[in-house]
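Got the viewer open and a selection tool at hand? Let's walk through a few spots together, one pick at a time.

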Amino acid sequence: MVTRLYNGMWRVKLTHKAQGGCRNVSRDQFAVFLSHLLKGSCEEKALMVMKMIFTAAEGPMKATEVQKFTEDLVTSVVHVLTHRHELRGWTRRKSTVSPTSVQVMAAQLLSEMKFQDGHKFLGPQCLDQVCDQTVIEDWVFRVPLVGIFLSVVIHRGLRLQNSFLDLSTLVPECHVDQRQPFESILDLLSVIYLNSHLATELRQRWRLLFSTQLHGQSFSQLCSHITHQGPCLLVLQDRDGYVFGGFTSCSWEVKPQFQGDNRCFLFSITPSMAVYTHTGYNDHFMYLNHGQQTMPNGLGMGGQHHYFGLWVSADFGKGHSKAKPTCTTYNSPQLSAQEDFQIDKMEVWELGDLSETHLVKSKKSVLDSNPEAQSLLEISGRARHSKGLREVPIDDD
């Protein structure tokens with residue numbers, strides 16, 4: 001990537017100066033390159049990106065060169081964030097990012113590229129496709145992570161003075177109980193990818209609510225840890241190594257009805273990265289039930305009873321991902337390696353600003369979230385002594 005940055009700067013042609021045979025980069029070339037790449041229009045950014053990608057002496061630029069550049073860019077982002085100590089707590093993996101993870105992230109970024117004939121990048125069969133400036137310009141415009149990654153490499157890698165690059169919404173703070181050893185299913189690139197699909201107010205912090213490593217394979221433990229916690233991210237790894245899950249925009253509640261809204265989505269991390277959003281077909285966004293005889297007991301997202309896009313059975317340790325051909329709610333394919341899968345690991349993260357979340361919770365009694373307990377107190381004639389002592393919450397309005 002250092003070589004690519006240098007080549008990009010050296011290839012900047014200044015209208016008032018002859019290029020000559022000198023291989024030095026002038027101050028003007030350096031300034032123009034950074035200005036266009038960091039603050040320029042999509043056209044200017046695309047031109048600088050092409051100067052970094054293009055290696056052949058003659059002939060058109062091929063998609064295989066763009067693929068190599070993208071993998072170099074992703075690798076560099078991980079290196080810079082690690083070297084500059086910007087991981088924000090995501091260091092609990094034996095290998096922060098594997099070469100396979102880099103390839104998967106690069107493939108996801110490239111999947112949004114459209115060629116001149118309108119077709120998208122579909123894999124190795126597209127590597128000989130020609131990529132002109134129009135293709136690169138459209139790609140940079142429609143895939144924000146490309147520009148963000150370049151900014152990270154330049155701002156943090158080159159240590160630009162007076163840099164105002166804010167990484168708080170790129171890599172969230174990782175909050176985990178330090179008293180027990182924990183290794184997340186997700187690596188740094190997976191976290192960055194999922195975080196980029198969340199609302200801005202949810203990108204600052206992730207707090208671990210439940211993990212099979214820490215809490216065991218218990219459905220009752222799962223329910224007790226994740227209910228009434230606000231927006232969450234559910235991540236599973238099956239016995240075949242596939243990693244997938246779902247985002248829930250609302251608090252989980254144990255009840256025999258579907259819940260949630262159209263901000264929920266399902267996702268895949270391994271073997272490929274993808275996010276699957278609401279189709280509008282139905283409102284079966286999320287479901288959590290336990291201890292009922294007449295309704296299915298378990299955790300589900302999308303589809304319908306007994307045919308979920310993602311299902312974790314109350315008989316913990318197994319689940320299913322059924323989609324023939326896709327899940328009706330999220331248009332997702334089968335997420336697990338096998339339709340009926342065995343759970344290897346599972347974790348659930350609370351998303352958002354912890355200080356605000358805990359402030360709201362601290363103003364509430366346990367009885368506030370338990371209407372049945374309130375009714376029993378009233379029937380028995382007992383008063384809620386704490387009700388009059390607590391301050392009345394002030395609405396945002």
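Start by selecting Arg88 and Glu173: their side chains meet in a salt bridge, with N to O at 3.8 Å. (A salt bridge here is a side-chain nitrogen of Lys or Arg within 4 Å of a carboxyl oxygen of Asp or Glu.) Arg88 sits in the loop between H4 and helix H5 (99-110), while Glu173 belongs to strand S1 (residues 173-175), so this pair ties together parts 85 residues apart in sequence. Helices (H or I, at least four residues) and strands (E, at least two) are DSSP runs, numbered from the N terminus. Arg88 is partly exposed at 25% relative accessibility, and Glu173 is partly exposed too, at 27%. For these labels, buried means under 20% relative accessible area, exposed means over 50%, and partly exposed is in between (1.4 Å probe, protein chains only).

A word on what you're looking at: this is a predicted model, where local features need pLDDT of at least 70 and side-chain atom pairs count only at pLDDT 80 or more, while totals for chains, interfaces and linings use all residues. Residues are numbered from 1 along each chain as its sequence is written, and side-chain values use heavy atoms, leaving out hydrogens and water.

Next, pick Arg4 and Asp72, whose side chains form another salt bridge (2.9 Å, N to O). Arg4 is in helix H1 (residues 2-10) and Asp72 in helix H4 (residues 63-83), 68 residues apart. Arg4 is buried at 12% relative accessibility, whereas Asp72 is partly exposed at 31%.

Now jump to Glu112 and Arg142, a salt bridge with its closest N and O atoms 3.6 Å apart.

Select His155 in helix H7 (residues 144-157). Is His155 buried or exposed? It is buried, with a relative accessible area of 16%. Show Ser163 as well: a polar contact of 2.6 Å joins the two side chains, His155 and Ser163. (A polar contact is a pair of N or O atoms within 3.5 Å; within protein, one must be able to donate a hydrogen and the other to accept it, and residues adjacent in sequence count only if both atoms are side-chain atoms.)

Last stop: the cysteines. A search of the whole structure finds zero disulfides, meaning pairs of cysteine sulfur atoms within 2.5 Å. For Cys264, the nearest cysteine sulfur is that of Cys250, 5.7 Å away. Cys264 is buried, at 1% relative accessible area.
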